[in-house]
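Subject: Structure handover

Hello,

Here is the structure for you to look over. My notes on it follow below.

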Amino acid sequence: MLQEVRMHWSRELLALTAGVRWRIAGLVVIGLLIVAASLASFVCAGRAIAAVFAGRAWSDFWFLIAAAAVAAVVRSVLLHWRETAGERTAAAVKQALRTRL
């Protein structure tokens with residue numbers, strides 16, 4: 001049996017994010033960039049593997065391996081930023097909640 005899923009916005013919870021909404025939006029943007037970097041890494045690695053199995057010369061696909069490595073490094077940097085920014089944002093929301101209580 002399928003149930004309809006409705007999203008309910010809590011004004012009280014939304015009020016707790018008053019000082020950190022831009023941070024939360026930034027975290028969403030960073031998350032989307034992480035997805036893009038992951039896809040770029042996977043696509044480049046897959047194309048490089050396909051080139052190996054196709055018997056192509058190293059000079060035809062070395063840049064794909066380099067691009068996959070760069071995308072993986074970019075992804076790891078973005079993950080670090082997201083984690084640290086997420087921790088700071090959560091701490092700010094907790095502090096606002098504690099002050100309010």
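The protein has three helices and zero strands. Read from the N terminus, the order of elements is α-α-α. Please keep in mind that this is a predicted model. The mean pLDDT of the protein is 90. At least 70 is reached by 94% of the residues.

Overall shape

The radius of gyration is 21 Å. A compact globule of 101 residues would come out near 13 Å. Along the principal axes, the C-alpha atoms fill a box of roughly 65 × 40 × 15 Å. Of the 101 residues, 20% are buried. The accessible surface amounts to about 8200 Å². Carbon and sulfur atoms hold 67% of that surface.

What about contacts along the chain? Take those with a sequence separation of 6 or more: 71% of them join residues 24 or more positions apart.

Helix α2: Ser41

Helix α2 covers residues 21–53, and Ser41 lies in it. Is Ser41 buried or exposed? Ser41 has a relative accessible area of 12%. That counts as buried, because the cut-off for buried is under 20%. Which residues does Ser41 contact, once its neighbours within four places in sequence are set aside? They are Ala68, Ala71 and Ala72.

Helix α3 spans residues 58–100 and includes Trp58. Trp58 is exposed, at 57% relative accessible area. Trp58 also belongs to a nonpolar surface patch, together with Trp62, Phe63 and Ile65.

From Val70 to Thr99 is 29 residues in sequence. In space, their C-alpha atoms are 43 Å apart.

Ala92 is another residue of helix α3. Ala92 is partly exposed, with a relative accessible area of 28%. Leaving out residues up to four places away in sequence, Ala92 touches Val20 and Arg23. Ala92 and Ile30 are 62 residues apart along the chain. Their C-alpha atoms are separated by 19 Å.

Salt bridge

How many salt bridges does a search of the whole structure find? The search finds one. The partners are Arg82 and Glu83. Their closest N and O atoms are 3.6 Å apart. Why can such a pair form? Side chains of opposite charge can pair when their charged atoms come close. Arg82 is partly exposed, at 31% relative accessibility. Glu83 is also partly exposed, at 43%.

Where to look

If you open the model now, I would take these in order.

- Ser41, buried at 12% relative accessible area, with its contacts to Ala68, Ala71 and Ala72.
- The salt bridge between Arg82 and Glu83.
- Ala92, with its contacts to Val20 and Arg23.

Best wishes

Conventions: Residues are numbered from 1 along each chain as its sequence is written. This is a predicted model: local features need pLDDT of at least 70, side-chain atom pairs count only at pLDDT 80 or more; totals for chains, interfaces and linings use all residues. Side-chain values use heavy atoms; hydrogens and water are left out. Patches are made of residues with over 30% relative accessible area and no salt bridge: like charges are joined within 9 Å, nonpolar side chains (Val, Leu, Ile, Met, Phe, Trp, Tyr) within 5 Å. Accessible areas come from the Shrake-Rupley method with a 1.4 Å probe; for residues, only the protein chains shown count as cover. A salt bridge is a side-chain nitrogen of Lys or Arg within 4 Å of a carboxyl oxygen of Asp or Glu. Helices (H or I, at least four residues) and strands (E, at least two) are DSSP runs, numbered from the N terminus. Buried means under 20% relative accessible area, exposed over 50%, partly exposed in between (1.4 Å probe, protein chains only). The radius of gyration is taken over C-alpha atoms; the globule rule is 2.2 Å times the number of residues to the power 0.38. Contact means heavy atoms within 4.5 Å. pLDDT is the predictor's confidence in each residue, from 0 to 100.
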